[in-house]
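Here is a quick tour of a two-part complex, meant to be read with the viewer open. Take a look at it first, and then we can go through the contacts.

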Amino acid sequence: MVSKIIYWLSTPWRRYQQRRALARRIEELRKRDPFIYK
Amino acid sequence: MTILAVGCSFLCDRSEVRPQCAVMAERLDQPLDNRSIPGNGNTHILYNTMTAIIENPNKYSLVLIGWSNPGRWDFVTAPHKWFALKMGNVIGTATDKKINFELTLFKHWAPQVLLLSSWLRSRNIPFIMWNSLECWLEGESTLHKEILSIPEFYKPKINHIADLREREQWISNDDHHPNQQSHDLWAQELLDFNRTLYK
């Protein structure tokens with residue numbers, strides 16, 4: 001039960017980390033092919 | 001007979017620069033029907049290639065396909081008015097899932113390649129295709145193997161944007177579209193590939 005609460009409370013942090021990781025991966029793609037954004 | 005070309009801005013005129021497909025048509029001494037649209041993605045390529053051929057079943061001697069970036073999600077505002085969402089701009093806020101973006105892009109592009117190749121073959125229309133923008137992702141899936149075995153696909157693992165950036169054959173520092181030298185080089189390589197394929 002406690003671990004579920006901790007997991008639930010950490011959800012915003014995990015999602016923030018996921019978004020940052022995704023942004024980094026897309027930036028890598030953009031470096032190779034700038035037209036992914038254009 | 002006419003050559004049909006469908007792709008993104010990499011197959012379009014850009015001020016004085018003539019694209020590889022125009023150079024190829026001139027060398028083959030055939031008129032060009034170029035239905036490429038700058039900024040658009042691969043759904044436009046499938047839709048407009050199939051439309052052109054269904055509407056003109058005996059018109060084309062060769063079809064040239066330059067695949068666009070699969071991160072472009074095409075949409076229309078009118079029957080012939082195409083735009084594209086660039087998924088890289090919106091995907092971060094569109095889902096909370098831990099998306100594998102690169103693999104997702106490959107899984108959009110790979111079946112489009114196989115379907116269009118099979119469809120063009122079923123119509124007995126000679127074609128060649130290449131990647132204008134980055135489409136390939138390394139992997140071992142059955143679709144990876146299928147794409148690598150398509151004889152009409154010119155070097156599925158490479159793309160025009162990476163090649164021109166390596167050679168610094170861009171229009172300007174602010175515009176990394178191919179310059180004339182790059183288009184001429186690709187036109188020659190694609191003509192050689194076409195000649196070997198359909199000799």
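## Salt bridges overall

How many salt bridges are there over all chains? The count comes to 13. Keep in mind that this is a predicted model.

## Chain A

Chain A holds 2 helices and 0 strands. Along the principal axes, its C-alpha atoms fill a box of roughly 45 × 15 × 10 Å. Of the 38 residues in chain A, 21% are buried.

One salt bridge here pairs Arg30(A) with Glu27(A), at 2.7 Å from N to O. The two sit 3 residues apart in helix α2 (residues 11-32) of chain A, so they are separated by about one helical turn. Arg30(A) is partly exposed at 29% relative accessible area, and Glu27(A) is partly exposed too, at 27%.

## Where the chains meet

The contact draws 23 residues from chain B and 15 residues from chain A. About 1800 Å² is buried between them, with carbon and sulfur atoms giving 55% of that area. On the polar side, 9 residue pairs are in polar contact across the interface, both partners at pLDDT 80 or more. In chain B, α3 (87-94), α4 (101-122), α6 (160-167) and β8 (175-178) each supply at least two residues of the side that touches chain A. The largest share, 4 residues, comes from α3(B). By type, the residues on this side of chain B split into 7 nonpolar, 7 polar and 9 charged.

There are 3 salt bridges between chain B and chain A. One of them joins Arg25(A) to Glu102(B), with the closest N and O atoms 3.4 Å apart.

## A closer look at Glu134(B)

Glu134(B) sits in the loop between β6 and α5 (142-148) of chain B. Is Glu134(B) buried or exposed? Its relative accessible area is 18%, and the cut-off for buried is under 20%, so Glu134(B) counts as buried.

Its side chain makes a polar contact of 2.8 Å with the side chain of Arg32(A). Leaving out residues up to four places away in sequence, Glu134(B) touches residues of chain A, namely Leu29(A), Arg32(A) and Asp33(A), as well as Asn69(B), Pro70(B), Asn159(B) and Ile161(B).

## Cores in chain B

In soluble globular proteins, nonpolar side chains tend to be buried together. The largest nonpolar core here has 26 residues, and Trp67(B), Trp109(B) and Ile147(B) have the most contacts inside it. Two or more residues each come from β1 (2-6), α2 (42-55), β3 (60-67), α4 and β6 (127-131) of chain B. α4(B) gives the most, with 8 residues. Apart from this core lies another, of 24 residues, including Phe10(B), Val23(B), Leu62(B) and Trp170(B).

Arg14(B) and Asp175(B) form a salt bridge, with the closest N and O atoms 2.9 Å apart. This pair links distant parts of the chain, 161 residues apart: Arg14(B) is in the loop between β1 and α1 (20-28), and Asp175(B) is in strand β8. Arg14(B) is partly exposed at 31% relative accessibility, while Asp175(B) is buried at 16%.

Another salt bridge, at 3.0 Å from N to O, joins Arg121(B) and Glu152(B). Arg121(B) is partly exposed at 37%, whereas Glu152(B) is buried at 9%. Finally, salt bridges with shared partners tie Asp33(B), Arg35(B) and Lys59(B) into one network.

Technical notes. Residues numbered from 1 in each chain as written. Chains lettered and ligands numbered in written order. Predicted model: local features only at pLDDT ≥ 70, side-chain atom pairs only at ≥ 80, totals over all residues. Heavy atoms only, no water. Contact = heavy atoms within 4.5 Å. Buried area = accessible area lost by both parts, 1.4 Å probe. Salt bridge = Lys/Arg side-chain N within 4 Å of Asp/Glu carboxyl O. Polar contact = N/O pair within 3.5 Å; in protein donor to acceptor, adjacent residues only side chain to side chain. Nonpolar A, V, L, I, M, F, W, Y, C, P; charged D, E, K, R; others polar. Core = buried A, V, L, I, M, F, W, Y, C linked by side-chain atoms within 4.5 Å. Buried < 20%, exposed > 50% of the residue type's maximum accessible area, 1.4 Å probe, protein only.
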